[in-house]
Amino acid sequence: MRARERNMEGVEMELERRSKFLNSLIQQKKKAKEQQDLKEEFNVRVRASDMPLPVQNRAFSLSREILNATPGKADNKRLALALKKDFDSAYGPAWHCIVGTSFGSYVTHSIGGFIYFQIDKVYVLLFKTAVEPLDHQ
């Protein structure tokens, strides 16, 4: 009888483990769908990213806000400045932003602080670098 009880406990534990795994898959799928909906709403196409989704979403929404505020031709300099200032204040220095329709780049960035995306016909490169205090001796 004792062996049978242990076996049942093992089965229950395995069922609970599988249930948690399936729930996590469902949540991942739901988040991916929400992220895709947001990209479509903002007309964004991510080219490359090493950035958490909530931080990406901040970049998308601010970019859309700035672009909507300047109808007609996009003001790339204004968008770059707005993103840089917002990210510096929200996530600490030192953020860099390049906005345009044609540019090349090769940058070093902090982990979790890089995104390259297209919004409408404008490309945005936003990345963070580590800042170390100068040693004045």
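In this predicted model, six bridges join strand 3 to strand 4 (residues 122-128), and the two strands run antiparallel. Strand 3 and strand 4 form a hairpin with two residues between them. Asp 120, in the turn of that hairpin, has a positive phi of about 55 degrees.

Strand 3 also pairs with another strand. Six bridges join strand 1 (residues 44-50) to strand 3, again in an antiparallel arrangement. The bridge partner of Ser 49 in strand 3 is Ile 115, and Ile 115 stands opposite Leu 126 in strand 4.

Is strand 3 largely enclosed or open? Five of the six residues of strand 3 (residues 114-119) are buried, so this strand is largely enclosed by the rest of the structure. A residue is called buried here because its relative accessible area is under 20%.

The next topic is the nonpolar core. In soluble globular proteins, nonpolar side chains tend to be buried together. The largest nonpolar core of this model has 22 residues. The residues with the most contacts inside this core are Leu 79, Leu 83, Phe 87, Phe 117, Val 124 and Leu 126. Helix 2, helix 3, strand 2 (95-100), strand 3 and strand 4 each supply at least two residues of the core. Which element gives the most to this core? Helix 2 does, with six residues.

The chain as a whole is divided by the domain assignment into domain 1 (1-40) and domain 2 (44-129). The centres of domain 1 and domain 2, taken over C-alpha atoms, are separated by 36 Å.

Helix 1 covers residues 2-42 and contains Leu 25. Leu 25 belongs to a nonpolar patch on the surface, together with Phe 21 and Leu 22. The three residues of the patch have about 290 Å² of accessible area together. Leu 25 has a relative accessibility of 36%, so Leu 25 counts as partly exposed.

Side chains of opposite charge can pair when their charged atoms come close. The count for this model comes to six salt bridges.

| Salt bridge | Closest N and O atoms |
|---|---|
| Glu 16 and Lys 20 | 3.6 Å |
| Arg 58 and Asp 86 | 2.6 Å |
| Asp 88 and Lys 84 | 2.4 Å |

Glu 16 and Lys 20 both lie in helix 1, four residues apart, which is about one turn of the helix. Glu 16 counts as partly exposed because its relative accessibility is 47%, whereas Lys 20, with a relative accessible area of 55%, is exposed.

Arg 58 is partly exposed, with a relative accessible area of 32%.

Asp 88 and Lys 84 both lie in helix 3, four residues apart, or about one turn of the helix. Lys 84 has a relative accessibility of 28% and so counts as partly exposed.

Salt bridges also link Glu 14, Arg 17 and Arg 18 in a network.

Definitions and conventions
Residues numbered from 1 in each chain as written. Predicted model: local features only at pLDDT ≥ 70, side-chain atom pairs only at ≥ 80, totals over all residues. Heavy atoms only, no water. Domains from an automatic or database assignment. Buried < 20%, exposed > 50% of the residue type's maximum accessible area, 1.4 Å probe, protein only. Pairing = 2+ DSSP bridges. Patch = residues over 30% accessible without salt bridge, like charges linked within 9 Å, V, L, I, M, F, W, Y side chains within 5 Å. Areas by Shrake-Rupley, 256 points an atom, 1.4 Å probe, with all protein chains shown as cover. Salt bridge = Lys/Arg side-chain N within 4 Å of Asp/Glu carboxyl O. Core = buried A, V, L, I, M, F, W, Y, C linked by side-chain atoms within 4.5 Å.
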